[in-house]
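Hi,

Here is the structure I said I would pass along.

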Amino acid sequence: MGDFRKESDLLGVLEVPADAYYGVQTQRAIDNFKISGQLLSSYPEFIRGLAFVKMAAAKTNYELGLLDESLYFKIAETCHEIIAGRFHEQFPVDMIQGGAGTSINMNANEVIANRVLEKMGKDKGQYEFCSPNDHINLSQSTNDAYPTAIKMGLLQMNAVLVEKLQKIVEAFREKGNEFRGIIKMGRTQLQDAVPMTLGQEFEAFAATLEEDISKLNNNAELFVEVNMGATAIGTGINAPVGYAALCAKNLAEITGYPIVSAPDLVEATPDTGSYVIYSSAMKRLAVKLSKICNDLRLLSSGPRAGLFEINLPPMQPGSSIMPGKVNPVIPEVVNQVCFKVIGNDLTVTFAAEAGQLQLNVMEPVLSHAIMENIHFLCNALDTLREKCVVGITANKDVCLNMVKHSIGIVTALNPYIGYKQSTAIAKESLETGKSVYDLVLERGMLSQEKLDEILDPAHMLKPHNK
């Protein structure tokens, strides 16, 4: 029995590990919610977000005369420790839970309170000296502290995601520059279209992903509006006059983010619109990223019976039965991450819609889905860049040979011999196997000199006058 201490709450007495900084309500959450296996401790940014919120709340309460100086300083010191990475293992609550985040809020309250008690020379659980509810949660409710902590976590996580995204954009851009002189066929609907360079194709990959940097950052800006001071439903019950604005100001100073108090706290408390729009930006990124991975798999298909225009770095043997087979496993795993992100976006949509009246109780699964998506995307972007993109090489001769033998170059003849004649040439080329070049000369449609000029693949890579 010496390995446990007893704590009590509304439902009665419960044993808590003696050395745990968390308390009875956290223990009930551990017992009740064995759901995802992904714990709060899996998301350090979220834990830091909780510490930011509790520090800002304590500072505000101290400045408004509700908290004595000694207790405030100890709470602030503890929050600094948590922000620096200490005690994160003391947050063992499952990310998906009932109670609209109460378990996570109380987990933070209990850890901070017990660490403060330790600093005071008291035993864990002696809450008459520092209470999770009366001191750490002073002037707050889960309904304002919890969503604000989520937003502080997401602001940190977005910065990491954007950094990872910028790195893979640069990697694709470097490949675009490396492949700028390699001519190949462009394709629409998986059919030959017109020539382009492999460099243009990879530069397009960079450009389409680069667009999402601003989208993510712009949407993340919505997280700076918080409802601290709303307490239970937005009316501010049990919070002093001026608390909301002052707490937002203190939170801005502590975090460095331009935090502002929501203009209507009753509206802001159940509102989850910022999560929906941020999740949609991640879905957009996932759709684009998956499309790029599809392209990489197609371009590297073969090596003898596919396109084989590029080589992906070989990462592992591809078959337990087919000797010599190597599969595009890195684009494949990133595809699967993208599917997960797209599915989690639907979870966010349903969770946001499911809020009723003055609170959305589905914020745990909503925040988990978004944070999981960021975590997955960060890992996927690094994996794709490090284990695939930077090692891609081009099969220059394969690319050029496809251009020379494609009927797609007949498109360049349209301005000179007309669409009808060009169609006839294309059809005959397909039926006879003769080249477009030879058929035009046979019919005397153009001189060889003019034809060479028109059908120079490099000539077809950009607009020009007739």
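Predicted model: local features only at pLDDT ≥ 70, side-chain atom pairs only at ≥ 80, totals over all residues.

I went through the backbone first, then one side chain.

As you know, most residues other than glycine have a negative phi, and most peptide bonds are trans. Here are the spots that go against that.

You'll find F87 in the loop between helix 3 (69-83) and helix 4 (102-119). Its relative accessibility is 7%, so F87 counts as buried.

The loop between helix 10 (273-299) and strand 7 (310-311) is worth a look too, as P303 sits there. The peptide bond joining G302 and P303 is cis, with omega at about 5 degrees. F308 is found in the loop between helix 10 and strand 7 as well, and it has a positive phi of about 55 degrees despite not being a glycine. F308 counts as buried because its relative accessibility is 19%, and the cut-off for buried is under 20%.

Now for the side chain. Where is T269? Look in the loop between helix 9 (265-268) and helix 10. T269 has 1% relative accessibility and therefore counts as buried. A polar atom of its side chain lies 2.7 Å from the backbone oxygen of L265. Setting aside neighbours within four places in sequence, T269 is in contact with N143, N227, A230, A232, I233, G234, Q358 and L359.

Cheers

Methods: Residues numbered from 1 in each chain as written. Heavy atoms only, no water. Helix = DSSP H or I, 4+ residues; strand = E, 2+ residues; numbered from the N terminus. Buried < 20%, exposed > 50% of the residue type's maximum accessible area, 1.4 Å probe, protein only. Polar contact = N/O pair within 3.5 Å; in protein donor to acceptor, adjacent residues only side chain to side chain. Contact = heavy atoms within 4.5 Å.
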